[in-house]
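Subject: Structure handover

Hi,

Here is the structure I promised to pass on. Please open it alongside this email.

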Amino acid sequence: MSTLANVLVALVAALHLFFLVLEMFLWTTPYGRRVFGLSEAAARETAKLAANQGLYNGFLAAGLVWGLWLQDAAICLFFLACVTVAGLFGAWTVKRSILFVQALPAVAAAAAVHYL
């Protein structure tokens, strides 16, 4: 894989590690509530769901790191496809900005992995 592909895949992995921390550990903090536009009560009520979601983001990051470690384009493309689908679904069901924060970086990384 090219250097650019490696950097973009690493960026997507880092984003998902950030999402893990945000959803698993910062959800009920003022920062986490501000990011997601939640009241203190709503954050408390949804904290377990957010932690579960954060764990899944961690699995996505782990898969991308695994693909980078092995320099295996197929593994990277599989996990980037998963990220893209999750980003598209999130943009459709939750908030349009998820398309740009999650799906677009994954598509860019996948293009670099595939074409470079």
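Below is what I found, grouped by region. Keep in mind that this is a predicted model.

**Helix α3**

Start with α3. It covers residues 40–70, 31 residues in total. At 1.5 Å a residue, α3 should span 45 Å. Its end C-alpha atoms are 42 Å apart, so the two values agree. The helix has a bend of about 55°, located at alanine 47.

Several α3 residues are buried, including Ala43, Ala50, Asn57, Leu60, Leu64 and Leu68. Glycines are on that list too: Gly54, Gly58, Gly63 and Gly67. The buried residues of α3 pack against four helices: α1 (3–24), α2 (30–36), α4 (73–93) and α5 (98–115).

**The salt bridge**

How many salt bridges does a search of the whole structure find? One. Its partners are arginine 44 and glutamate 40, with the closest N and O atoms 3.6 Å apart. Both residues lie in α3, four residues apart, which is about one turn of the helix. Arginine 44 has a relative accessible area of 54%, so it counts as exposed; the cut-off is over 50%.

**Helix α1**

Now α1. Its 22 residues should span 32 Å at 1.5 Å a residue. The end C-alpha atoms of α1 are 31 Å apart, which agrees. The buried residues of α1 include Ala5, Val9, Val12, Ala13, Phe19, Leu20 and Leu22. His16 and Glu23 are also buried. The buried residues of α1 pack against α2, α3, α4 and α5.

**The largest nonpolar core**

The largest nonpolar core has 16 residues. Within it, Val9, Val12, Leu64, Leu80, Val83 and Val113 touch the most other members. The largest share, five residues, comes from α4.

What does leucine 80 contact, leaving aside its neighbours within four places in sequence? The list is Val9, Val12, Leu64, Ala106, Ala109, Ala110 and Val113.

**Aromatic pairs**

Searching the whole structure gives five aromatic pairs. Two are described here.

- Tryptophan 27 and phenylalanine 36 form a tilted pair, 4.6 Å centre to centre with 40° between the planes. Tryptophan 27 is at 11% relative accessible area, so it is buried; the cut-off is under 20%. Phenylalanine 36 is at 31% and therefore counts as partly exposed.
- Phenylalanine 78 and phenylalanine 79 form an edge-to-face pair, 5.0 Å centre to centre with 85° between the planes. Phenylalanine 79 counts as buried because its relative accessibility is 16%, and the cut-off is under 20%.

Glutamine 71 deserves a look. It lies in the loop between α3 and α4, just after α3. Most residues other than glycine have a negative phi. Glutamine 71 is not a glycine, yet it has a positive phi of about 55°. Its relative accessibility is 36%, so it counts as partly exposed.

Isoleucine 75 is in helix α4. It is buried or exposed? At 12% relative accessibility, isoleucine 75 counts as buried. Leaving aside neighbours within four places in sequence, isoleucine 75 is in contact with Gly63, Trp66, Gly67 and Leu70. For a distance check, take isoleucine 75 and threonine 46. They are 29 residues apart in sequence and 32 Å apart in space, C-alpha to C-alpha.

**The α1–α2 loop**

Threonine 28 is in the loop between α1 and α2. Its relative accessible area is 36%, so it is partly exposed. Leaving aside neighbours within four places in sequence, threonine 28 is in contact with Arg33, Ala43, Arg44 and Ala47. Arg44 is the arginine of the salt bridge, and the bend in α3 is at Ala47. Threonine 28 and valine 113 are 85 residues apart along the chain, and their C-alpha atoms are separated by 36 Å.

Best wishes

Definitions and conventions
Residues are numbered from 1 along each chain as its sequence is written. This is a predicted model: local features need pLDDT of at least 70, side-chain atom pairs count only at pLDDT 80 or more; totals for chains, interfaces and linings use all residues. Side-chain values use heavy atoms; hydrogens and water are left out. Helices (H or I, at least four residues) and strands (E, at least two) are DSSP runs, numbered from the N terminus. The expected span of a helix is 1.5 Å times one less than its number of residues. The bend at a residue is the angle between axes fitted to the seven residues ending there and the seven starting there. Buried means under 20% relative accessible area, exposed over 50%, partly exposed in between (1.4 Å probe, protein chains only). Contact means heavy atoms within 4.5 Å. A nonpolar core is a set of buried Ala, Val, Leu, Ile, Met, Phe, Trp, Tyr and Cys residues joined through side-chain atoms within 4.5 Å. Rings of Phe, Tyr and Trp (its six-membered ring) pair if their centres lie within 6.5 Å; planes under 30 degrees apart count as stacked, over 60 as edge-to-face and the rest as tilted. A salt bridge is a side-chain nitrogen of Lys or Arg within 4 Å of a carboxyl oxygen of Asp or Glu.
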